[in-house]
Amino acid sequence: MFGIKLFALMCITFSLTLMGALVFLKGFLLSRTVVEQASMCNEDFVLKADDHSGHGIKGCWMHGRFKRAIIIVIDALKYDFMVYNESLHSAEYANSPFKNNLKVIHDLAKRHPAHSLAFKFIADPPTTTLQRLKGLTTGSLPTFVDAGANFQSAEITEDNIIDQMRRQNKNIIFLGDDTWMSLFPNRFYKHYEFPSFDVKDLHTVDNGILDHFYEEIQRPDWDIAIAHFLGVDHCGHRYGPSNDAMRNKLLQMNDVIRNVTHQMHQDTILFVMGDHGMTRTGDHGGDSSDELEAGLFIYSPTQITSSEQTEVAAISQIDFVPTISLLLGLPIPFSNLGMVIPELFSHCPWWDTDTHEVRRVYHRVKALRLNVLQINRYLQAYDEIASDLPDNILKDLQTKIRQAEDELKQVVPDLVSGGHPERILKQFQNIEKIYKLYAHTAKETCQGKKTGGTQKVVRKQKSTKFDVMHFVGNPITKSGMMAVSICLVLRSAHMFYVCREEQSSCKDSFFHAPLSTVDKAFANQRYVFSLVCLAMMVYFVRQWLKYYGNMTGSEAGVITMRYAPPIAAVCIGLYWALQAVPESALEALSPWQQAVLAQAVYMVVILALSVIFIWPLLVYNHPTSLSPGAAILNQADLTSVIPNLYNKLKVQLSSSPKDQTPPVVYGLGTVYCASLVTFVSLVSLVLALLLGDGVAPSLALATVSLYLCLEMYSAIVAITHCSNEHGSQDEDYDTDSDTGPLFSGLVMLNLLSSTFFYATGHQATIPSIRFESAYTGFYGNFTNMILPGFLIWLNTFAGPVFFVLASPLLITWPALKGVMRWTTQDSEKRQQQKTWQGDFKLFNNGIKFRKDMFQLCCGIITISGLKLFSAGCAAALHRRHLMVWKIFAPRLVYEVAFFLTTSVCVMLTYLFILRVDKALNKFVDSLPSNSRDKRV
Amino acid sequence: MKAQEKFIVLISVACFLSATLICGLAITLVINDGVVSIVKNTLPAIKLCVGAICAQCLFIWLFNWRCRPVDSLNKNQVRVSSQALTILKCIGILFIAPFIFHGIAVLFGAPFFESTAQTYHFAVLLSSQVCLPFLLFLGLDLDAWLRVFTDNSSECIDPLEQLVYYTSICSLLGGWLGAVPIPLDWDRPWQVWPISCVIGALLGYAVGLLLSSIVIPRQYRARHKFKFF
């Protein structure tokens, strides 16, 4: 009961800390306040003169220029993919699969220069599809917190372009990514949605769209057609941009665009856009320029711009919303912050813009004016609800608008009377400039990026590693070899580090590329290396258990430990091999066949874990009828003779000499350690599976370093005991000497777990989350997001989970007096080893053991809480820093997650130890009565 | 003033002077834009540092040899025949030591494949700071080595043992701490392996000399009720 009470205390500590952290996070990661207002068709600032009734299409704020629009969203269409370079050699073409594939864009621009426009389409970070879709439809900027919600996309309540279309009775048909359906349920006239979450599937969505797309756009019953293709993005995630699969995908998109442009009518406009770009490895989510630069291509069979486009400009993605609104004659959504694309408004077929420069500018100014007035109204409404906009900037913006309105009032009568075209032109250009400036300032203000210095601190992980080194490097004279080997292990863990995006010169090691994309010669070597590491992990644990006699007998736990890890390891190996198969061959297999091996691993490990939890003891009570000598003779395996002997001696000593033959118990000396090692090694198999074949060897390194560090720690504990109390340290657990876990041990464990957070290929940034790990063993769409979230979580925090689950070894391991201890002690002291009890002696003083465990768990929670506190301080200090959303905020979020993981794992392992203790209690009770007096 | 006391005072002053000189050298190397700039000519600059350290050690050794009153501790009475062998052994150790330091530097995160020459120069500097004083002042006396490193330094009676202890510990620590600024993005030219570590080791050595210049007379005073300081 004492243990449970302590556990409750631990829970309270944990939840208090967590609550504090969450309160801080809530304040720090301010979410944008949503203004739930919608723009109306009749607004007071709209001049009636804008509506060119009589020609064109009647619109709300401005006359509609087009009746219909086709919007093709190609997920992750980077700007580079769109560029066509005529001078590219065929050899170069063959080498870079993502270049020169969208020829149709180039052809159209060449044939009809005034009918098409191409832009760099700059996304706002975070570059995840859900965020981008929100930006592309509402015209507002995303916030940091929204990025986490990608798995649970929710309906958009803010005013957006889709709702505006519906309000003007436009029929929308939609095909593609089902994220749209969760964002805009019940808005579409017709919809064909396909699951988006399975990144391994390159073709289902695209082929599904193409089955209906051409047919649908030939019908007369739609006004807006939206198609969202996912193949390019999935291809990037799976193979990266430099793979032949990418060429095929882009060529397919090329055909789509060509076919659509052939079928378009005169009153239709086409937008082809990417929602974000991709990095060199094909991922996205962050804010490097590779991820931000998407492409946009606009085309119509009629003329859309007055002059040929000379150079490709960069526009923001939110500029799409006001542009398409005014082109279709719709009101601009209420919370839009984008600015209309001026090139598209300099030509109006009904208004002689081709001949008059003044009219071109005036047309542009009209569109800009509506746009700016809308932004102004939004800023005012926003300022009323939330007061985080700086007042002086707002005032500044107001005066700008008033100035522009005044000038406009002067100029328009001049325009009607037709005097001084140069002066009018100049004034218009001036007004245009003011409007553009206004739109930019408004956007920047809302982004809140105007303040902050430029100092940033990158590559945090280096210092952690050095700290570990420093700790290990304590001058313990006889453990030099051990220190060197720990250094060696930690240094080689450096191979598995990934680069931050800020580290431009840094290159990821080839352990991080998927096996199917690695060069054939290396692929086999890497695969074999991973297999060997995995086998070593299993073998190492097995040998250790065997050495201490925990693998004898036929108890349920022992049987499990004998068979479960090898079976699981073989399944993992086969699963990795399957991942290396090229995509074409993989598609011949059905989904369940691809997933079954990984699922088998899950099943085996879950089964084994539950067995271990029900029968946690790995001990074997030898039948007492045999004499001790016979017991040894029966044991063919020599390695288990040592523990056998020790245990026999131990029980002999503890029982009074006049009694009958004492019980012989195998593996009693490592009863706690063995259960824990079993537990951790089973969990580590799942972690290895999730980490994938590339990074899994770092788990083997983690195992080795854990072993070495524990040995080292035991030596330190032994030395501390020796210097504290001279001599009789073997009885220290019975006498209530105050030796809990040493502080250095706690720090060591924490440093190791954060080192291996980095060494398992992670960084404290959002783009470095390995989303693909959610698909190990699962294929297709998930009904809920708990399971994939859990898998991604385990993958991200594999290092901390591994080390924290093993943390009670800090208490039980020194009691073993293993290799280190023997070398540090003099030969005469070996005599005392006859009374070797191992960690069974911890059992003798249950209260003390629980207290120590509690101290250990609280220590670990406290240290990670301190880290969290420092991260919070750093974030608070740098809240106006330029890099706050790139470095400090992600760091803080990661630290909270780290703290959560650590605490939960500590509590789990504490409960497990309690369970072992209880089972041991029962076991000792079942022994013959003569040995019972050892127990307190 | 007794000869012993005079010797203590002199050695303390010598330590202080050489500390300022080495500190000045480190600062010059960083600030200077010309030939001795460590940023422009890294390897020659490190060679210069090694030379300076060796000269300083030899100076202290010569000083010790010439000025030390013989009556204080006459344990250094060695026969000439075995001296040649001792010198050979010392040279052997000096030859091997840089490789060991090189390995340690790599284990602590220095690049393995690139800039091997720089790493090796750094290792030579460290061995000239750590091993050379050991060999010069303590010889091949293993007991003295262990006594200096494992036992508390306060138990060292010999002023030179203290000197060796402080300089070696401080220069190792300085070299390690010198790596701290490398990952920061201040965009300074000296934030490159091994420049900041070399500077750190030099400054550490200077700090060690300074510390020993303070500690040696204090220790002597505590032991002998010497009133000079």
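Student: What covers the buried residues of α21 in chain A?
Tutor: This is a predicted model. In it, the cover over the buried residues of α21(A) includes α19 (556–580), α20 (583–586), α24 (671–695), α27 (786–796) and α33 (884–926) of chain A. Among the buried residues of α21(A) are A:Gln594, A:Leu597, A:Val601, A:Tyr602, A:Val605 and A:Ile612.

Student: How do you know that the end-to-end span of α21(A) agrees with that of a helix of 24 residues?
Tutor: Helix α21 covers residues 591–614 of chain A, and at 1.5 Å a residue its 24 residues should span 34 Å. The end C-alpha atoms are 34 Å apart, so the two values agree.

Student: Where does α21(A) bend, and by how much?
Tutor: The bend is at A:Leu597 and amounts to about 40°. The angle is taken between axes fitted to the seven residues ending there and the seven starting there. A:Leu597 is also among the buried residues of α21(A).

Student: Why is A:Ser807 called buried?
Tutor: Buried means under 20% relative accessible area. A:Ser807 has 0%, so the label applies. The residue is in the loop between α28 (798–805) and α29 (809–816) of chain A.

Student: Which residues are in contact with A:Ser807, leaving aside its neighbours within four places in sequence?
Tutor: They are A:Leu749, A:Leu856, A:Ile860 and A:Thr909. Each has a heavy atom within 4.5 Å of one in A:Ser807, which is what contact means here.

Student: What makes A:Met748 buried?
Tutor: Its relative accessible area is 5%. The cut-off is under 20%, so A:Met748 counts as buried. A:Met748 is in helix α26 (residues 743–759) of chain A. A:Met748 and A:Cys709 are 39 residues apart in sequence, with their C-alpha atoms 8.1 Å apart in space.

Student: In what order do the 8 strands of the open sheet in chain A run?
Tutor: The order is β4-β3-β5-β1-β6-β7-β2-β8, with mixed pairing.

Student: Why are β4 and β8 of chain A said to stand at the edges?
Tutor: β4 (190–194) and β8 (313–316) each have a single partner strand, so one side of each is left without a neighbour in the sheet. Neighbouring strands of this sheet are turned by 15° against each other on average, direction ignored.

Student: How many bridges join β2 to β8 in chain A, and in what sense do they pair?
Tutor: Strand β2 (residues 116–122) and β8(A) are joined by 4 bridges in the parallel sense. Two strands pair if there are at least two bridges between them, so 4 is enough. A:Phe121 stands opposite A:Ile315 in β8(A).

Student: Which helix packs on the sheet and touches β1, β2, β6 and β8 of chain A?
Tutor: That is α12 (residues 320–327) of chain A, whose direction makes about 170° with that of β6(A).

Student: What makes β3(A) mostly covered?
Tutor: 6 of its 6 residues are buried. On one pairing, 5 bridges join β3(A) to β5(A), and the two run parallel; here A:Phe174 stands opposite A:Ile226. β3(A) also pairs with β4(A) in the parallel sense, over 5 bridges, and A:Asp177 has A:Phe194 in β4(A) as its bridge partner.

Student: How many helices and strands does chain B have?
Tutor: Chain B has 7 helices and 0 strands. Of its 229 residues, 45% are buried.

Student: What does UniProt place at residues 7–31 and 190–216 of chain B?
Tutor: Its unreviewed entry places the feature "transmembrane region" there, and also at 43–63, 84–108, 120–142 and 163–184. In the model, residues 7–31 are 100% helix, with end C-alpha atoms 36 Å apart. Residues 190–216 are 81% helix and 0% strand, with end C-alpha atoms 34 Å apart.

Student: What makes α6 of chain B mostly covered?
Tutor: 14 of its 19 residues are buried. Helix α6 (residues 159–177) of chain B reaches 27 Å from its first C-alpha to its last, close to the 27 Å expected.

How values were computed. Residues numbered from 1 in each chain as written. Chains lettered and ligands numbered in written order. Predicted model: local features only at pLDDT ≥ 70, side-chain atom pairs only at ≥ 80, totals over all residues. Heavy atoms only, no water. Expected span 1.5 Å × (residues − 1). Buried < 20%, exposed > 50% of the residue type's maximum accessible area, 1.4 Å probe, protein only. UniProt positions renumbered as here; feature names shortened; annotations may be inferred. Axes fitted to C-alpha atoms, helices over the stretch in contact; angles between N-to-C directions.
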